[in-house]
Amino acid sequence: MSQDSDLKVTKFDFLKSQNSVQHHTDAYNTSNLVVRRGQPFLLQLTLSRELRAADKLSLHFSVGERPMEPTGTLMSLNPRSRNVSGWQISIVKSSGTECTLSVTSAPNAAVGIYGLIVKTGPNIYKPENNAVYLLFNPWCEGDIVFLSNEAERKEYVLNDTGYIYVGNAFNIHSKPWNFGQFEESILDACMYLLDKSKLKMSSRRDPVVVSRAMSALVNANDDSGVVLGNWSGKYENGTSPMAWIGSVAILQQYYKTKKPVSYGQCWVFSGVLTTVMRCLGIPARSVSNFNSAHDTDENLRVDVYLNEKGEKLKWLSSDSVWNFHVWNDVWMKRKDLPSGFDGWQAIDATPQEQSQGIFQCGPCPLKAVKDGDVYLPYDSKFVYAEVNADKVYWRVEDENGKKKYTKLGVESQSIGANISTKAVGQNRREDITWEYKFPEGSSEERASMKRAVSYLQPSGITPRSRFAAVPMSNVEDKDTVQNKVVPKSGVQLEITNEKPLCPGNPIEVAITVKSTVAGSWTVNLTSSCQLQSYTGKVHANLGHIKQTVKVEGQSEVRVPLKIMPDAYMKALATVDDEEHVQVTAIAEIQGTPEKLTKEVSLSFEYPPIQVQMPETAKVNKDFTCAFIFKNKLNVPLDNCKLMVEGLGIFKMATFDEGDIQPGRIIKSEVICTPTRVGEKKIVARLTSNQVKDISVEKAIVVTH
């Protein structure tokens with residue numbers, strides 16, 4: 001054989017275990033190499049002979065359908081000459097026939113699946129599993145998703161479990177949610193979504209464009225994306241939005257069938273979007289906004305119409321206030337905007353309003369929302385209204401065949417309360433309202449509001465009540481000047497529930513009319529009780545009271561409102577949603593123009609699920625986990641299903657428990673085989689016709 005016999009590659013090693021630890025990608029369940037952009041990784045070649053100075057050796061990375069060098073979708077990397085693509089390659093070690101190369105992709109390279117071939121002169125070698133997954137890199141300073149804090153990277157990129165906060169502003173619940181971005185086929189599902197987005201390869205470099213595209217693809221509205229939304233209360237042909245434990249089953253089913261998965265509501269859209277973002281390497285969190293305004297006409301006002309009984313009339317308003325709404329924040333620099341808008345950006349996959357003709361929302365800088373810079377892309381007006389709108393109450397009466405509207409009052413501080421996300425490194429709720437807005441009533445907040453109003457519909461927008469003292473050009477309107485918070489009479493309203501709300505027991509509420517100053521007042525009190533879903537949709541009117549009460553000096557009168565189980569249990573079983581009880585009270589003070597309104601939303605309380613399992617376990621050693629539930633309610637729970645999942649421990653399982661009579665105990669067991677070390681969580685959720693969501697989670701430490 002001649003000295004200059006052809007140089008060939010005889011063996012190729014992606015050094016997967018070493019590279020993936022360096023790149024924080026070792027948890028991905030795939031046989032391929034997964035690396036992050038802008039950071040070196042090593043490849044080991046075994047050659048047919050020793051490498052010489054004259055040898056031609058190059059690596060070719062290609063991405064997309066038509067890879068070409070000018071578009072940056074084909075990189076020919078030669079360790080001996082300069083590379084123009086922003087990628088770098090060097091020989092780290094060459095001894096005998098072994099050669100180790102270090103490759104660093106550009107920190108702004110397109111994210112996706114790259115094919116790799118090795119050329120040695122005329123010979124081409126294609127390694128097995130030659131697809132290399134390239135992700136965004138929050139660990140790399142040159143990447144615009146760079147996040148400097150290690151604890152935050154652990155939480156917002158690597159944590160595969162968490163909570164989504166639901167309930168209402170008075171009673172916030174944490175819903176355990178498995179994001180599961182490292183589970184089988186989730187990465188492939190996300191890469192499939194990138195392809196489906198039809199984004200140009202050059203756009204796949206930019207997390208701003210990618211996150212906006214994903215906010216559209218996680219809902220099924222325009223592009224047969226991942227989750228089909230349904231707020232009807234009827235979910236026979238799919239899974240009820242209440243029943244999901246996390247994103248894994250949803251994304252796996254979607255990737256397998258390529259058809260939208262039924263059904264989702266806002267927390268499902270947000271949970272899936274967090275999974276997709278973290279999986280691609282963009283730091284993300286699910287964010288819950290309580291008393292979230294859905295302002296369809298950008299006038300920063302949500303009108304609530306009540307009838308004579310104080311019951312909400314749904315048919316009158318396209319605007320609505322949701323008890324809570326869940327969206328996402330993603331972390332990135334905004335090179336496309338003036339400076340100062342880097343950091344958290346709001347994106348939202350729940351299909352509410354179209355943006356540029358598609359159901360997508362964001363990214364919108366939190367800083368723009370806080371400062372009132374609502375002209376900035378994307379969708380900052382909509383996000384601004386969700387956390388800042390005024391709530392205006394109207395009474396609608398029929399008078400001689402015409403509708404008469406009486407303004408009852410304005411609440412300027414209830415919208416956008418307790419904005420919540422999971423705390424970094426802790427299993428608790430963190431309040432991030434301050435990241436979205438200045439303290440209510442502060443001078444910064446008034447300045448921000450004024451700015452925002454100047455950018456919103458200029459055509460005679462009515463000023464918000466708290467500017468009433470600020471002269472505004474020709475839009476001042478007597479109607480919008482709000483009474484002081486405590487009226488002259490000093491009358492106040494309070495609504496309390498005497499006992500916890502348990503399905504099957506009477507609902508007992510008290511409306512208290514208080515007077516805080518001297519004088520005697522006669523108050524006409526109207527109060528109603530309605531069963532409604534978290535989006536404010538009324539399912540049943542449960543009862544109302546009309547009463548005239550007298551308060552003198554500093555005194556109070558309690559008016560009880562009691563609703564028997566027969567009045568609401570049937571309604572509770574007819575809709576498949578988590579319902580709550582909305583109590584609205586209106587007080588009109590005789591002899592004065594004063595009117596007061598007060599609303600409270602009350603949640604039902606349920607018996608818990610108990611989990612029995614060891615505190616610790618060993619990798620690949622089986623253990624048993626038991627779920628125990630006792631029906632402590634005095635009503636049977638029909639058609640019960642128990643869904644359980646433990647990431648890295650066992651696949652999701654569903655148990656049909658049938659009907660559980662009062663006092664009955666059920667017990668279900670799962671054999672668990674842990675596959676990964678670390679603290680792992682097991683989550684269980686029970687749904688039934690009467691009670692939609694009882695969930696529990698328990699942690700276990702898995703060791704070698």
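Modeller: The UniProt annotation "active site", from an unreviewed entry, covers Cys 266, His 325 and Asp 348. These residues span 83 residues in sequence, yet no two of their C-alpha atoms are more than 9.9 Å apart, so they gather at one spot. The model is a predicted one, and what follows is computed from it.

His 325 is part of strand 17, which runs over residues 320–332. Its relative accessible area is 0%, so His 325 is buried. Apart from neighbours within four places in sequence, His 325 is in contact with both other annotated residues, Cys 266 and Asp 348.

Asp 348 sits in a loop, the one between strand 18 (343–347) and strand 19 (364–365). With a relative accessibility of 3%, Asp 348 also counts as buried, because the cut-off for that class is under 20%. Not counting residues up to four places away in sequence, Asp 348 touches Ser 215, His 325, Val 326, Trp 327, Gln 360, Cys 361 and Glu 386.

The link between His 325 and Asp 348 can be given at the level of side chains: the side chain of Asp 348 makes a polar contact with the side chain of His 325, at 2.8 Å.

Technical notes. Residues numbered from 1 in each chain as written. Predicted model: local features only at pLDDT ≥ 70, side-chain atom pairs only at ≥ 80, totals over all residues. Heavy atoms only, no water. UniProt positions renumbered as here; feature names shortened; annotations may be inferred. Helix = DSSP H or I, 4+ residues; strand = E, 2+ residues; numbered from the N terminus. Buried < 20%, exposed > 50% of the residue type's maximum accessible area, 1.4 Å probe, protein only. Contact = heavy atoms within 4.5 Å. Polar contact = N/O pair within 3.5 Å; in protein donor to acceptor, adjacent residues only side chain to side chain.
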